[in-house]
Amino acid sequence: MNYRGRFAPSPTGALHFGSLIAALASCLEARAHGGEWLVRMEDVDAPRTAPGAAEGILACLEAHGFIWNGEILWQSRRLEAYQAALDDLRAKNLAYGCACSRKEIAERATARAIDGGLLYSGTCRHGTPSGRLPRAWRLRVENADIDFSDPIQGTIRQNIARDVGDFVLLRADCQFAYQLAVVVDDAFQGITHVVRGADLLDSTPRQIYLQACLDYAQPEYLHVPVATNAAGEKLSKQTGAKALDVEHPAANLVRALNFLGQHPPQELAQASVREVWEWALGNWQREKIPRCQWIRDQ
Ligand SMILES: [Zn+2]
């Protein structure tokens, strides 16, 4: 089998330590399997995309010695493909228009979804109320368990209908949802293995479900622990994560290798980026990754 992995950052800000961990783990797993490693810019959410962030992320990856295969795939240039996938789902009667306002959804919701949002009550499942036009498009989900086996996180099981509900594919602000874009692009790029942070663990069953609806192959999934700050929050732009210092790429890589349980010799932090990569490629052991979802970054 030809292994093909990927790193897919969202250009909402600069690359920080949390994203370096995901980039490094996905790249080393791909190389350890003699596979390819692709980079995809997940800029499908135009309102959240920060000007210049994508270019900054790519420059930062290069400064840290990452070498990717092929061209960068930009989600902002893939809107026709997402529309085609939505049309396919509509043709199969798996997607429906939803006319509900945010207020109506909140008023009718009786439970919370696994991501903390509100479970959609299904008002428009069998057609929008008369005189109302669809604002968003949702996937009609069945009451069925989705499970998959993750080498680090074990067996993950989710019932999409109970835990997530009929989720959004095209938002009311005309932006395609992350869940649809990522599934269409993983299939388009022939991704066989997705290695990413455990903060996306709850999204994976939805993506597996969508792959089945669209007749796509299902990649293997591996979720590495996510770095949190002292308050236990995931490192992100929103929680004030610092941009990676591109003056010290070797030290950053060594810190990320330590986080991933690889424990290289400490003097490697003073070595060149090339030497760190040589050590990492020669010594990478997936079995050493800590089997948890969150680790407080020291
Ligand atoms: Zn609705």
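How many disulfides does the count come to? The count for this predicted model comes to zero disulfides, and the views below start with that result.

**View 1. Cysteines without a disulfide partner.** A disulfide requires a pair of cysteine sulfur atoms within 2.5 Å. C27 is in no disulfide, for the nearest cysteine sulfur belongs to C60 and is 14 Å away. C27 counts as buried, at 2% relative accessibility. Another cysteine to look for is C124, which is buried with a relative accessible area of 1%.

View 2. The protein chain is divided into domain 1, made of 4-78 + 182-296, and domain 2, covering 80-178. Their C-alpha centres lie 27 Å apart. Where the two domains meet, 39 residues from domain 1 and 32 residues from domain 2 take part in the contact.

**View 3. The largest nonpolar core.** Have a look at the 47 residues that make up the largest nonpolar core. F17, L24, W37, L61 and F66 have the most contacts inside this core. At least two core residues come from each of α1 (17-32), β2 (36-41), α2 (53-63), β10 (220-224), α8 (249-259) and α9 (273-283). Among these, α1 gives the largest share, with ten residues. In soluble globular proteins, nonpolar side chains tend to be buried together.

**View 4. Around L61, and a second core.** Here we zoom in on L61, one of the residues with the most contacts inside the largest core. Setting aside residues up to four places away in sequence, L61 touches F7, L15, A23, V39, F66 and W68. Elsewhere there is a second, separate core of 33 residues, with L89, I156, I191 and L201 among them.

**View 5. Helix α8 under cover.** How many of the eleven residues of α8 are buried? Eight are, and α8 is described as mostly covered. The buried residues are P249, A250, N252, L253, V254, A256, L257 and F259. The elements covering them include α1, α2, β11 (226-228), α9 and β12 (294-296). After α8 comes G261, with a positive phi near 80°.

**View 6. A three-strand sheet.** Three strands form an open sheet in the order β4-β5-β8, paired antiparallel. At its edges are β4 (95-98) and β8 (168-170), each pairing on one side only. On average, neighbouring strands of this sheet are turned by 40° against each other, direction ignored. Strands of a sheet pair through backbone hydrogen bonds, either parallel or antiparallel. Between β4 and β5 (residues 136-139), which run antiparallel, there are four bridges.

View 7. Is D150 buried or exposed? D150 is buried, because its relative accessible area is 2% and buried means under 20%. Which residues is D150 in contact with, leaving aside its neighbours within four places in sequence? They are L201, Y221, L222 and H223. D150 and L222 are 72 residues apart in sequence, yet 5.2 Å separates them in space, C-alpha to C-alpha. L201 also belongs to the second core of 33 residues.

Key:
Residues are numbered from 1 along each chain as its sequence is written. This is a predicted model: local features need pLDDT of at least 70, side-chain atom pairs count only at pLDDT 80 or more; totals for chains, interfaces and linings use all residues. Side-chain values use heavy atoms; hydrogens and water are left out. Two strands pair if DSSP finds at least two bridges between them. Axes are lines fitted to C-alpha atoms, for helices over the stretch in contact, and angles run from 0 to 180 degrees between N-to-C directions. Buried means under 20% relative accessible area, exposed over 50%, partly exposed in between (1.4 Å probe, protein chains only). A nonpolar core is a set of buried Ala, Val, Leu, Ile, Met, Phe, Trp, Tyr and Cys residues joined through side-chain atoms within 4.5 Å. Contact means heavy atoms within 4.5 Å. Domain bounds come from an automatic or database domain assignment.
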